[in-house]
Amino acid sequence: MSQTLFEKLWQRHLVSELDGDTGLLYIDRVFLHERTGSIALKSLESDGRQVKRPDQVFCAMDHIVDTLPGRNDETLVPSGKNFIQTTRQAAHAAEIQLFDIDDPRQGIVHVVSPEQGIVQPGLTLVCPDSHTCSQGALGALAWGIGSSEAEHALATKTLRVNKPKTMRVRFDGKLADGVTAKDMILHLIGSYGAAGGSGYVIEFAGAVITELDIEARLTLCNMAVEFSAFTGLIAPDSKTFAYLQGRPYVPAGEAWGQAVADWQTLYSDEQAEFDREIVVDCTEIAPTVTWGTSPEHALAITASVPDPGGEADVHRSQAMTKALTYMGLKPGDKLTELAITGAFIGSCTNSRISDLRVAANILKGRQVAEGVTAICVPGSSLVKRQAEAEGLDSVFKAAGFEWRESGCSMCFFAGGESFGYRERVVTSTNRNFESRQGPETRSHLASPATVAASAVLGRLADVRELEKRI
Ligand SMILES: CC(C)[C@H](C(=O)O)[C@@H](O)C(=O)O
Ligand code: SF4
């Protein structure tokens, strides 16, 4: 019988069918971080339970650590030092692999996992963090869970899961210049709404997905959760195998060949049926930014702020009005005329080496506009080192960007690092919720290319207008 990729992954991991559409799934890998993972580890410890397979559990230090140069356990996050030290102690006691602050492999969990080859095609991977969906880009079933579920997975290697419906989003056509995976996902969410993927596991497919490199696929899957999907995934292909080969946790020698032979069976059969299909014509996508406080408030950079009066859905219209007030905007304001005071390149969405290369290419020989605080936070310490080896740090610094240590940093405000009150920030992150980057900060989501171009022009910018001026 024809099966979707998701069904293949589900069947491989099904330990037993429970009531209704619920299954007990085998969990191959658990990733933790110091904010929610530490809670799961401590709670397990106080219940007197053990981590069943410590060799398959990993922990990152990313959410609470500062990203200022010369950092240590001290952090601006209130009671953050306690989280950091508790995590370290609990990870050591449980004998799991911790990527600690001073570990050269330290970084944001969803950057570190693919980088180390911990996530692999065909595996189930869970993490008490909503953006675990990023890792589906490698053909794994990877999804975000809560701390108590993490505790259960750590102790039993299993989890109860309500089987999601299946959706395929096919990206056809070709991407125009200046348009990236970030623009694709913002465009999708802008077109179908932030709840558009609710109840579904989404397979991203189509000619444009085949063209995307692995880092771009990670960016795309990263925001599946902003579309309210259970998770996102992409069938592994020769690019996936080439990306993984030689990474520390990936099978080597004879086992590599066997692994690839198995991974090659992981795709949706031609006749497989999905509960829903969406087709997106990529030729229509322009560089896309958000104007409001939901990822669905996304528009082409050439557009103007919309009028809530033109929205038929009452709830949407009310949310738009509220967003306009919060963002300090009026209907009709041209997006490219919005002056910014902050620019941020970082987060598990867009802080990998390819993102930094794109941004640096735009910043080369240019200066960040006056009055703009611009910050770059590489997604992992390895990305940072690679960027430095390529001289990208010098480009960022010469342009006027701060060059930081790796971590979640200003992607989300945890009481520590932030942009100031009502600052207008263009950001390569994934959430533009109220106060996400600091009290009343106004966040505009965009690709790293758009962030770099906007930093230079001091306003939201169409990267294509800058390219023309070279
Ligand atoms: C703190 C953590 C649980 C949270 C998440 O689940 O996503 C964070 O990473 C975020 O992006 O808001
Ligand atoms: S970088 Fe941001 S979105 Fe990603 S895990 Fe950290 S806080 Fe969450």
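Good morning. The shell around ligand 2 takes at least three residues from each of two domains, domain 1 (1–286) and domain 2 (333–469). Please keep in mind throughout that this is a predicted model.

Let me name the residues concerned. Around ligand 2 stand Asp62, His63, Ile108, Asp129, His131, Ser347, Cys348, Cys408, Cys411, Phe412 and Asn430. Sorted by class, this shell holds five nonpolar, four polar and two charged residues.

I turn to the other ligand. Which residues surround ligand 1? They are Arg35, Thr36, His63, Asp129, Ser130, His131, Gly144 and Phe412. In this shell one residue is nonpolar, five are polar and two are charged.

Next, the domains themselves. The domain assignment of the chain gives domain 1, residues 1–286, and domain 2, residues 333–469. Their C-alpha centres are 24 Å apart. Where the domains meet, 37 residues of domain 1 are in contact with 30 residues of domain 2. On the domain 1 side, helix 4 (109–116), helix 6 (181–192) and helix 8 (214–222) each provide at least two of the residues that touch domain 2. Which helix gives the most to that side? Helix 4 does, with four residues. The class division for the side of domain 1 that touches domain 2 is 13 nonpolar, 13 polar and 11 charged.

I now come to the packing of helices. In general, a packed pair is described by the angle between the two axes and by the distance between them.

The opening pair is helix 2, residues 37–46, with helix 5, residues 147–156. Their axes come within 8 Å and cross at roughly 55 degrees. Because of that angle, helix 2 is oblique to helix 5. The crossing of helix 2 and helix 5 is right-handed. From helix 2, the residues Gly37, Ile39, Ala40, Ser43 and Leu44 meet Ser147, Ala150, Glu151, Leu154 and Ala155 of helix 5. By class, this contact of helix 2 with helix 5 comprises six nonpolar, three polar and one charged residue.

The remaining pairs both involve helix 12, residues 353–363. Helix 12 packs against helix 15, residues 448–457, at an angle of about 25 degrees, and the axes are 8 Å apart. With that angle, helix 12 is roughly parallel to helix 15. Their crossing is right-handed. In this contact Asp355, Val358, Ala359, Ile362 and Leu363 of helix 12 meet Pro448, Ala449, Val451, Ala452, Ala453 and Val456 of helix 15. The contact of helix 12 with helix 15 has 10 nonpolar residues, no polar ones and one charged.

Leu356, Arg357, Ala360 and Leu363 of helix 12 meet Leu392, Val395, Phe396 and Ala399 of helix 14. The classes in the contact of helix 12 with helix 14 are seven nonpolar, no polar and one charged. Leu363 of helix 12 takes part in the contact with helix 15 and also in the contact with helix 14.

To close, let me return to the starting point. Domain 1 and domain 2 each give at least three residues to the shell around ligand 2, and the C-alpha centres of these domains lie 24 Å apart. Thank you for your attention.

How values were computed: Residues are numbered from 1 along each chain as its sequence is written. Chains are lettered from A and ligands numbered from 1 in the order in which they are written. This is a predicted model: local features need pLDDT of at least 70, side-chain atom pairs count only at pLDDT 80 or more; totals for chains, interfaces and linings use all residues. A residue is near a molecule or strand if its C-beta atom, placed from the backbone, lies within 6 Å of it. Ala, Val, Leu, Ile, Met, Phe, Trp, Tyr, Cys and Pro count as nonpolar, Asp, Glu, Lys and Arg as charged, and the others, Gly among them, as polar. Domain bounds come from an automatic or database domain assignment. Axes are lines fitted to C-alpha atoms, for helices over the stretch in contact, and angles run from 0 to 180 degrees between N-to-C directions. Angles under 35 degrees count as roughly parallel, over 145 as roughly antiparallel, 65 to 115 as roughly perpendicular and the rest as oblique. A crossing is left-handed if the near helix is turned anticlockwise from the far one by less than a right angle, and right-handed if clockwise. Two residues are in contact if their C-beta atoms, placed from the backbone, lie within 7 Å.
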